[in-house]
Each structure stands twice: as structure tokens, then as C-alpha cells.
Amino acid sequence: MEKYINWKLKFYTIWAGQAVSLITSAILQMAIIFYLTEKTGSAMVLSMASLVGFLPYAVFGPAIGVLVDRHDRKKIMIGADLIIAAAGAMLAIVALYMELPVWMVMVVLFIRSIGTAFHSPALNAVTPLLVPEEQLTKCAGYSQSLQSISYIISPAAAALLYSVWELNAIIAIDVLGAVIASITVAIVSIPKLDDPVKNLKPNFIREMKEGIVELRQNKGLFALLLLGTLYTFVYMPINALFPLISMEYFNGTPVHISITEIAFASGMLVGGLLLGRLGNFEKRVLLITGSFFIMGASLAVSGLLPPSGFVIFVACCAVMGLSVPFYSGVQTALFQEKIKPEYLGRVFSLTGSIMSFAMPIGLILSGFFADRIGVNHWFLLSGILIIGIAIVCPMITEVRKLDLK
């Protein structure tokens, strides 16, 4: 098709800019955590910073999706990047003249989160306009690899830069990253949707409902979303417990925590590259089921290890990371294939919102249970629950039908 001419050049141009922005943002995020820890030493402040980071997506996601579908997605991506850059620049300028107050850091984190809540669904909605359908899974795999590279680089880079530079210099790097991302989007020609809804008077409630209806009509994707929400509810809080199990159960140090994080991110990088190579594999439900099962088995094994089993735990972390792209990358590609392009902004915002709500609820519950039954037993229980999700997934007829063209 004509619109897919030079698609590789367009896709990789945008993603080159996104790579720079993703890494600089991840470095700044880590540097802000260091700053807040150093300034306050308060777990409550760090929790609030985390809450401010995802809350806008959770609360405003469905409404933001309406705006993403109604307006030019290219302009939304550029605007979101520039808002993120402007918020960072404001913080950097203030930091030149005074010590940054915690409330101001929180405000900037909130603004950056709003920008991300616009940018992520817009980027996911733009991708199928640029990339042929049969290449979407491959591109999702490479996108996951890019994300994992930022996870590997950012902690070490942030620690190094924070030790030699002021915070405002690190902020300036992130501002530059956002500007580069805006430029790469601006120079790429992105096809526009001919959507009759845009000519109608805006009606947020009606248009949000249309996104929900579109998702509900595809019963396989809706069932997959419910399974994914349950998976997020059980698995995502485990990330917050890696430091606890590394130090308390395996009697480790902060170095041991870093080793587990790097092992997980490295596994995720390999998984993303593998998915990129296996992008034409047609049994996508099998890939998602396998991802659930491998994650569940790795968690269960981790929970059964004795306190002397840290080396095996590191191997389990790498396998957990390896499994992630085969769920999240494949699911993203399925949504991009099966949902009409004019609804993609709303659908991605809605799914992001649901996942964002699942995380803190799961975090509270997992902290509660881990304290009472032991963090290792919670790893085991989480693994068993996720294996249960893996067993249920291919048993749902509508989910199995997703592999049919």
C-alpha cells in the first residue's frame, strides 16, 4: 500500500527520537528519586512521587484518549514532548537560583505524567498508520527492547551524573531529549485519519463510551484485557518487592538489588529482540500463554529457594524479564491490528488507565500479605496465581480466535 512506502525509515526515525527521550527521561526520573531521598529521607515522599507519576494516566486516561482520537496525533505527540520539556526547563531555571522545594518537584512530575498520558496512546495509535500489519509484532518487540535498554542504562548513568553534576544539568539533558523526540516526529510524514467524528460537536461521554463499546465488541481482546489486568494486579507489585527479598530473605546488600534489576532488564532486552525476530509467528495467543507461564514458574521457583539461593534467583529474574515482551509486546500488536485506527487512542488510554489502577491496589495488597506470610511465600503464591492465568488463557474460546485473521 502507498502509505507504507519507506515505512522502516519513518518508524525508525520516530523511534530514534523516542530512544533518546526515553533514556534521558529515565535518567532524570532516577536522579529525582536520588534528590528526594537525599533531601527528605522519607518513604512517604517517595511513595507520593510514584503516585503522582501514574495517577494522571489512571484518572484522566479515558478522557485523554478522546482528545488523541479527535485531534492530529502527530501534533499531540509533539505538544506532549514540548510540555514535558517546558516543565523540565522551568525546574532547571528555578534550580539555578534556589534549592528545589519538594512541592515544585511534585508539580513538575505531575505535568510530565500528563504529557506521557497523551504521548503513549498517541504513539501506539500512530504506529499502525506507519507500519504494515504483518510487521506490528516485530516492531512491538524492538520497542520493548528499547525500553529495557533504558532500564539498564538509567540507574548507572543517573548515579554517575548525579555524583558529578547538579540536578539542573541532568534536567537540561532531558529537555534536550524531549526536543530531539519532537523534531523526529515533526520531520516524518504521518497519514491522517479521515474520521467523520471530528466534524461532530465534541461529546466526551459519548466518545469515551464509543471506545469502550469498540473494545467490548472484540470479545477476544476484551477477555485478554481482563486477564492482563489480573496479571498486572498480581505481577506488577512484585517489582517493588525485589529489594525486600534481595536484602531481607537472601541477606544481600544494595549491590545485590542492582544485580537483580540488571538481570531482569537484560532478560527483557533479549526477549524484545527475540520477539522482533519472531514477529511473523502466527500463534500469538501461544506466545502470551507462554509468557504468563514462564513468569509464573520463575516466581514460584524464586519463592521456593533457600536463603543461600541468590544466584538461582538472579537467573529467575533474567527469565522473568525475558517473558515480559511476549505478553506486553504481543498484546500491543494485537490491539493495533484488531481495533479500528480511529478508536485506537481511546482504547490504548482506557487499557493504560485500567492497568494504572490495578498497580497501586495490587501493591497495597502484596505489601500487606508479604509482611504477614513472608516475602518469599508471596513470590510463590504470586507465581501459582499467574500459572493459573496461563492455564485459563487458551481455554477461553474468544481469546483463541484472536489468532484467526
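Across the interface of domain 1 and domain 2, zero salt bridges are found. The model is predicted, and the count between domain 1 and domain 2 is one residue pair in polar contact, with both residues at pLDDT 80 or more. On the side of domain 1 that touches domain 2, the elements that contribute two or more residues are helix 2 (43–70), helix 4 (102–130) and helix 5 (136–164). The residues on this side of domain 1 comprise 19 nonpolar, ten polar and six charged. The area buried between domain 1 and domain 2 is about 3,100 Å², and 64% of it lies on carbon and sulfur atoms.

The two domains follow from the domain assignment of the protein chain, which places domain 1 at 7–186 and domain 2 at 206–403. In the contact, 35 residues come from domain 1 and 38 residues from domain 2. The C-alpha centres of domain 1 and domain 2 are separated by 22 Å.

Although the interface of domain 1 and domain 2 has zero salt bridges, a search of the whole structure gives three. One of the salt bridges joins the side chains of Arg-112 and Asp-174, with an N to O distance of 2.4 Å. Arg-112 belongs to helix 4 and Asp-174 to helix 6 (residues 167–187), so this pair ties together parts that lie 62 residues apart in sequence. Helix 4, which carries Arg-112, is also among the elements that give two or more residues to the side of domain 1 that touches domain 2.

Confidence was examined along the protein chain. The mean pLDDT of the protein chain is 81, and 93% of its residues reach 70 or more. By element, confidence is highest in helix 11 (residues 310–323), at a mean of 93, and lowest in helix 7 (residues 204–217), at a mean of 73. Where pLDDT is low, the predicted coordinates should not be read in detail.

Terms used
Residues numbered from 1 in each chain as written. Heavy atoms only, no water. pLDDT = per-residue confidence, 0-100. Helix = DSSP H or I, 4+ residues; strand = E, 2+ residues; numbered from the N terminus. Domains from an automatic or database assignment. Contact = heavy atoms within 4.5 Å. Buried area = accessible area lost by both parts, 1.4 Å probe. Salt bridge = Lys/Arg side-chain N within 4 Å of Asp/Glu carboxyl O. Polar contact = N/O pair within 3.5 Å; in protein donor to acceptor, adjacent residues only side chain to side chain. Nonpolar A, V, L, I, M, F, W, Y, C, P; charged D, E, K, R; others polar.
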